[in-house]
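Welcome, and thanks for taking a look at this one with us. Here is a short briefing to read alongside the model.

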Amino acid sequence: MKQGLYHLCRLLLAGVFIYAGFLKGSDPVAFAGQVAAYQLLPYAFNYLVAAMLPFVELLCGILLLLNRRVRPALLVLFGLNSVFVLALFSVVLRGLDIDCGCFHPPGSEVTGTSPQMALLRDAGLMLAIFMAWFLRQQQAEEPLDG
Amino acid sequence: MSSIWIPPRRVLLEALVLVLVAASMGLSLNHTMVMKAFTGESVAPLPNISVQGAEQQFPVPVDYEELDELLAAGQLLVDARDPQIYATAHLPGAISLPLGEADQLMTEFSAKYPYETPMIIYCNGFGCPDSFDLAVRLIAEGYIKVQVYEGGFPEWRDRGRQLEAGAP
């Protein structure tokens, strides 16, 4: 049961972050535009983030999928997710009406997610990260049977 | 037994290595884009074909900083968003040419504005493709001086600039 829940969280996070990383990584210039819309960074740094962030998401996702180095990957995702939450909060507080740039493929017809919805989704991801971490730590201390 | 929530030092170290590896992968694959951004060159979303003769395949992007000068020079401002959204608020002086209705409105539009009219298209900012698509549509129609303001409506509004309301 516990192990099932652990694998569920792990695979869910793997899927989400591989998908997100792949979408953003395949069009970094468009993603930089979405980062710029947050108006948090100086011009060129939006591109720096757009160049690196998708690969961090991808690598974490792949490690979770392979069930290797799960805790370091979860730790990094926790850090990323915290930054996303803070950035989204600042967007809501400043009343900006932007697409969150989370999963929306740039240039597609699909309407993006509002910052409020994105915050809700990040809360769900945070929960999955905590559960996976907790269950993995237990495993590390006393391996689960079955 | 340490708390289950405190990461062991090895895990912290591995997380750091993970970030470094991923960041260098991203940097090495996208170094051209990042270098251009930091040296101030244009990082156009699409190949920025320069104007050769009267032929132009892609619209030229315009920054917020250049916008005022161009508008003062009398460039036509075109709103590519839905007419209902245009009616709630738009940039002062902008005319409405929604991408969705461009085909029906094109005859009327081209009768009113000659092909040499310099114009700037905008929509809902970075990530909104409509202004670019409309610009390509106008260029295909025969317009030769088409530019796209990528920051669009959100950037204009968030900089506290004046807006206008009213149906097209």
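This is a predicted model: local features need pLDDT of at least 70, side-chain atom pairs count only at pLDDT 80 or more; totals for chains, interfaces and linings use all residues.

Chain A comes to five helices and zero strands, whereas chain B has seven helices and five strands. One helix from each chain meets in a crossing of roughly 65°, and a helix of chain A is mostly covered, with part of its cover coming from chain B.

**Chain A**

- Starting at the N terminus, the elements of chain A run α-α-α-α-α.
- Chain A has 146 residues, and 49% of them are buried.
- If you take the contacts in chain A between residues at least 6 apart in sequence, 72% join residues at least 24 apart.
- Chain A has an accessible surface of about 7,000 Å², and carbon and sulfur atoms account for 70% of that area.

**Chain B**

- Along the sequence, chain B reads α-α-β-α-β-α-β-α-β-α-β-α.
- Of its 168 residues, 39% count as buried in chain B.
- For contacts in chain B between residues at least 6 apart in sequence, the share that joins residues at least 24 apart is 70%.
- The accessible surface of chain B is about 9,200 Å², with 59% of it belonging to carbon and sulfur atoms.

**A covered helix in chain A**

- Helix α2 of chain A spans residues 28-36, and seven of its nine residues are buried.
- Those buried residues are A:P28, A:V29, A:F31, A:A32, A:G33, A:Q34 and A:V35.
- Their cover includes α1 (2-26) and α3 (43-66) from chain A itself, along with α2 (31-39) of chain B.

**Where α4(A) meets α1(B)**

- On the chain A side, the contact is made by A:R71, A:P72, A:A73, A:L75 and A:V76.
- On the chain B side, α1(B) contributes B:R10, B:V11, B:L12, B:E14, B:A15, B:L18 and B:V19.
- Which kinds of residue make up the contact of α4(A) with α1(B)? There are nine nonpolar residues, three charged ones and no polar ones.

Note on methods:
Residues are numbered from 1 along each chain as its sequence is written. Chains are lettered from A and ligands numbered from 1 in the order in which they are written. Side-chain values use heavy atoms; hydrogens and water are left out. Helices (H or I, at least four residues) and strands (E, at least two) are DSSP runs, numbered from the N terminus. Buried means under 20% relative accessible area, exposed over 50%, partly exposed in between (1.4 Å probe, protein chains only). Contact means heavy atoms within 4.5 Å. Accessible areas come from the Shrake-Rupley method with a 1.4 Å probe; for residues, only the protein chains shown count as cover. Axes are lines fitted to C-alpha atoms, for helices over the stretch in contact, and angles run from 0 to 180 degrees between N-to-C directions. Ala, Val, Leu, Ile, Met, Phe, Trp, Tyr, Cys and Pro count as nonpolar, Asp, Glu, Lys and Arg as charged, and the others, Gly among them, as polar.
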